Amino acid sequence: MAIRVAHIGTGNVGRLALAELISNPGFELTGLCVSADEKVGKDAGELAGLDVTTGILATKDLDAVLATAPECAVYCAMGDNRMPQAMADVYTIAAAGINVVGTAPGVLQYPWGVMPDKYIKPLEDAAHQGNSSIYINGVDPGFITDLIPLAFASTCASIQQVRCMEIADYATYDGATVMFDVMGFGQPLDEVPMLFQPGVLSVAWGCAIRQLAAGLNIELDSITESYEREPAPEAFDIAAGHIPKGGVAAVRFEIKGMVGDHPVIVVEHVTRVRGDLRPDWAQPAQEGGSYRVEITGEPSYVVDICPTSTKGDHNHAAIAAGAARVVNAIPAVVAAPPGLRTTLNLPLVSDVELFTAP
């Protein structure tokens, strides 16, 4: 029997998750919540980019969507710049007795040691009150910083360091809020965007570092962060908008989980909007972008993950992977005990119909 699922958010990630919910016979869409006025009243099939009519019309009324009695809600609303609202939404859904999978708020991937307990306990209480489970994941933070390194680490006799990297050209990524407001592309170097405010990197990726440390039974002493930026040598346009001369056109940052003065778990991002910038920084394994997991130990590994898609480039493929990661977890999350669930306590493969004939 198909699992009844409601969906929240139809942005870059949300519309791809919605398309899977509509197309996969393992799910029955019950309702759709959006934030943009111009999307209200549109059919879910249209908003998912599919040539189908579902009869499910978008609304801004979350309570009305939850009243359709779904077993699970897929939460893909923006969380980067509205964490309090996203946390409140997840609380409301879980307290209503509805399981939650989603890509936001990212800190819920593994909040322990990252968020104060006073913010975690209400969510746990709501989930137990509603007999519901909550699972937040994605790509990075997500399977690049949990599933892949844990799988390879399971074959090591000893480990000195795990490094998880994203190396990507974001010129084709059209998420203007993330690009300009969060990451600060196009801004002067003397302006510090949200992502690089003190402590933000350590929260945003601290959940991934803490979860990986827990999975490897490593007790961290601290988490450090650093970043550097490169200005544009000339003005040019990208999918998200305009990059003026002198505005930020490449960033590199690291978040390190430390044991003493040794970086044991490292997340590194190299993000360009033009491939010729900072050739001395790490280069992707395929044109446009890739992910890399490096394990220093016995044995050691260098694993390059090169996402591709028949429907878009490397950026589209990565977004599609993040969407499918949470949608495919729905059966396991519905079956899980109540509370916050993580990659450490969910099965690797979920009971979702994924095969399509070539």
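**View 1. Helix 4 packs against helix 5 in this predicted model.** Helix 4 spans residues 83-95 and helix 5 spans residues 117-130; their axes lie 7 Å apart at an angle of about 25°. That angle makes the two helices roughly parallel. From helix 4, look for Met87, Val90, Tyr91, Ala94 and Ala95. Their partners in helix 5 are Tyr119, Pro122, Leu123, Ala126, Ala127, Gln129 and Gly130. Ten of the contact residues are nonpolar and two are polar, with no charged residue taking part.

**View 2. Tyrosine 110 and tryptophan 112 form one of the six aromatic pairs in the structure.** Their ring centres are 4.9 Å apart and the planes meet at 75°, so this pair counts as edge-to-face. Tyrosine 110 is buried, at 14% relative accessible area, while tryptophan 112 is partly exposed, at 29%.

**View 3. Tryptophan 205 and phenylalanine 253 make a tilted aromatic pair.** Here the centre-to-centre distance is 5.1 Å, with 55° between the planes. The pair links distant parts of the chain, 48 residues apart: tryptophan 205 belongs to the loop between helix 8 (200-204) and helix 9 (206-215), and phenylalanine 253 to strand 11 (residues 248-259). Tryptophan 205 is buried, with a relative accessible area of 9%, and phenylalanine 253 is buried too, with 1%. If you follow the rings around, you will find Trp205 and Phe253 in one aromatic cluster with Phe196 and Tyr227.

**View 4. Arginine 274 places its charged end over an aromatic ring.** The ring belongs to phenylalanine 236, and the charged end of arginine 274 sits 5.1 Å from the ring centre.

How values were computed
Residues numbered from 1 in each chain as written. Predicted model: local features only at pLDDT ≥ 70, side-chain atom pairs only at ≥ 80, totals over all residues. Heavy atoms only, no water. Axes fitted to C-alpha atoms, helices over the stretch in contact; angles between N-to-C directions. Helix = DSSP H or I, 4+ residues; strand = E, 2+ residues; numbered from the N terminus. Parallel < 35°, antiparallel > 145°, perpendicular 65-115°, else oblique. Contact = heavy atoms within 4.5 Å. Nonpolar A, V, L, I, M, F, W, Y, C, P; charged D, E, K, R; others polar. Phe/Tyr/Trp six-rings, centres within 6.5 Å; stacked < 30°, edge-to-face > 60°. Buried < 20%, exposed > 50% of the residue type's maximum accessible area, 1.4 Å probe, protein only. Lys NZ or Arg CZ within 6 Å of the ring centre and 35° of its normal.
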